[in-house]
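Subject: Structure for your review

Dear colleague,

Please find below the structure that I am handing over to you. My findings on helix packing and aromatic pairs follow it.

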Amino acid sequence: MRRRNRKKIAALGMIGIMSMAMFTGCKVKSDTPILGKILGLNSDEIFQIDSLTCSDDEYKMVFMNYVNKYKKDFGGKINWDAMADEETTLRQVIMERVKEDITVKYALSAMAETERVKLDKDDMDIINSATDEYYQSLSDEEKEYLNSDIDVPAKVYSNYYLADKVYNQVTESVGEDVSEEDARVIQIQYIKMSVGKNSESEIKSRLKSLAKAVNANKKDFAQEAKQLSEDSSIERTIKKNEAKTKLEIEAFNVSKGKVSEVIQDGNDYYLIYCIDNYLKDETTANKEEMIEQQKDAVFKKAYDAFLKDVDYDFNTSEWEDIVPEDVEDMDSSNFLEIYNNM
């Protein structure tokens, strides 16, 4: 199967919770007027957003996969009436989980026209290959449950793939201004002493004397810190983009293997020893995280703007009939595995 470098949208759960709640909420009934327009859904349709409709067969395909994956993870049988917390059963958990996943993906797919994103021939080759692999893996019972021919998984995979493509295009150039320095992560040891037991002059004198001894390799900073520092820990890893306190900010001015000047922050005094002023792997991971946060923020703005004026409807009565017990004798759970490998 030919693959493309494409971010999956699994990380957009929070966007789904915030933005799709009004679309997927259980109180929204089919034929409910939304934003001044009635869309109306047939009995074999679960939801519609803009011109994109999700059939019950498409929905049940994703639902079956989640149910069977839960069953495998929990060793086979599940009591769906068991409480996941004080107010929610496992049945309610999985029903809401599937609802969130597929409605968000289809909403993003519906954005494609607005963002001028289309599936090309290479995309369709990937989708068709995934569709064939998935459909061939289904048992006769599963195909009967889904009332399914190969067009159903083809539609689901197309919409999931298009959702990813929309996200990637909208966020394509986001994060290019994030530098290694912005994301730099350091590791320090430090001593904190506060005015109280000792006077300001005593603290300064003691810390200055210690700094001189450590820089001359006459004393071990960590050993002295354990004796002097008022904090329970003497070591910290700090991300530059998250540095807020005077200690954290000043720590980035200390060279590796060196001790800082005495740092005053109100009644607190600090001395810093820099173990490493550039943790390479941690900096790389932090940079990636910063970029992803920027991408999600930019995308959320476009996503919310799209949802603000779009028409949608959700067929709650039909959705409520799709419950875990319906798929008890089936075990196919490779839909998402194939999707993640596309």
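In which hand does α3 pass α4 in their crossing? The crossing of α3 with α4 is right-handed. Please bear in mind that this is a predicted model.

**Helix packing**

Helix α3 spans residues 56-73 and helix α4 spans residues 90-110; their axes come within 10 Å and cross at roughly 135°. The two helices are therefore oblique to each other. On the side of α3, the contact is made by Glu58, Tyr59, Val62, Phe63, Tyr66, Val67 and Tyr70. The residues contributed by α4 are Val93, Ile94, Met95, Arg97, Val98, Lys99, Asp101, Ile102 and Tyr106. Sorted by class, this contact of α3 with α4 comprises 12 nonpolar and four charged residues, with no polar ones.

Helix α4 also packs with helix α13 (residues 280-309), at an angle of about 85° and with the axes 11 Å apart. Angles of 65 to 115 degrees count as roughly perpendicular, and α4 and α13 are therefore placed in that class. Here α4 contributes Val104, Ala107, Leu108 and Ala110, while α13 contributes Phe299, Tyr303 and Phe306. The contact of α4 with α13 has seven nonpolar residues, no polar and no charged ones.

**Aromatic pairs**

The whole structure was searched for aromatic pairs, and 14 were found. One of them joins tyrosine 134 and tyrosine 157 in an edge-to-face arrangement, with 6.1 Å from centre to centre and 85° between the planes. This pair links distant parts of the chain: tyrosine 134 belongs to helix α6 (residues 121-137) and tyrosine 157 to helix α8 (residues 151-170), 23 residues apart. Both tyrosine 134 and tyrosine 157 are buried.

A further pair consists of phenylalanine 221 and tyrosine 273, whose ring centres are 5.7 Å apart. Their planes lie at 25°, so the pair is stacked, the cut-off for stacking being under 30 degrees. Phenylalanine 221 is in helix α11 (residues 221-228) and tyrosine 273 is in strand β6 (residues 268-276), so the pair ties together parts that are 52 residues apart in sequence. How do the two residues stand in terms of burial: buried or partly exposed? Phenylalanine 221 has a relative accessible area of 3% and is buried, whereas tyrosine 273, at 21%, is partly exposed.

Yours sincerely

Notes
Residues numbered from 1 in each chain as written. Predicted model: local features only at pLDDT ≥ 70, side-chain atom pairs only at ≥ 80, totals over all residues. Heavy atoms only, no water. Axes fitted to C-alpha atoms, helices over the stretch in contact; angles between N-to-C directions. Helix = DSSP H or I, 4+ residues; strand = E, 2+ residues; numbered from the N terminus. Parallel < 35°, antiparallel > 145°, perpendicular 65-115°, else oblique. Left-handed = near helix turned anticlockwise from the far one by under 90°. Contact = heavy atoms within 4.5 Å. Nonpolar A, V, L, I, M, F, W, Y, C, P; charged D, E, K, R; others polar. Phe/Tyr/Trp six-rings, centres within 6.5 Å; stacked < 30°, edge-to-face > 60°. Buried < 20%, exposed > 50% of the residue type's maximum accessible area, 1.4 Å probe, protein only.
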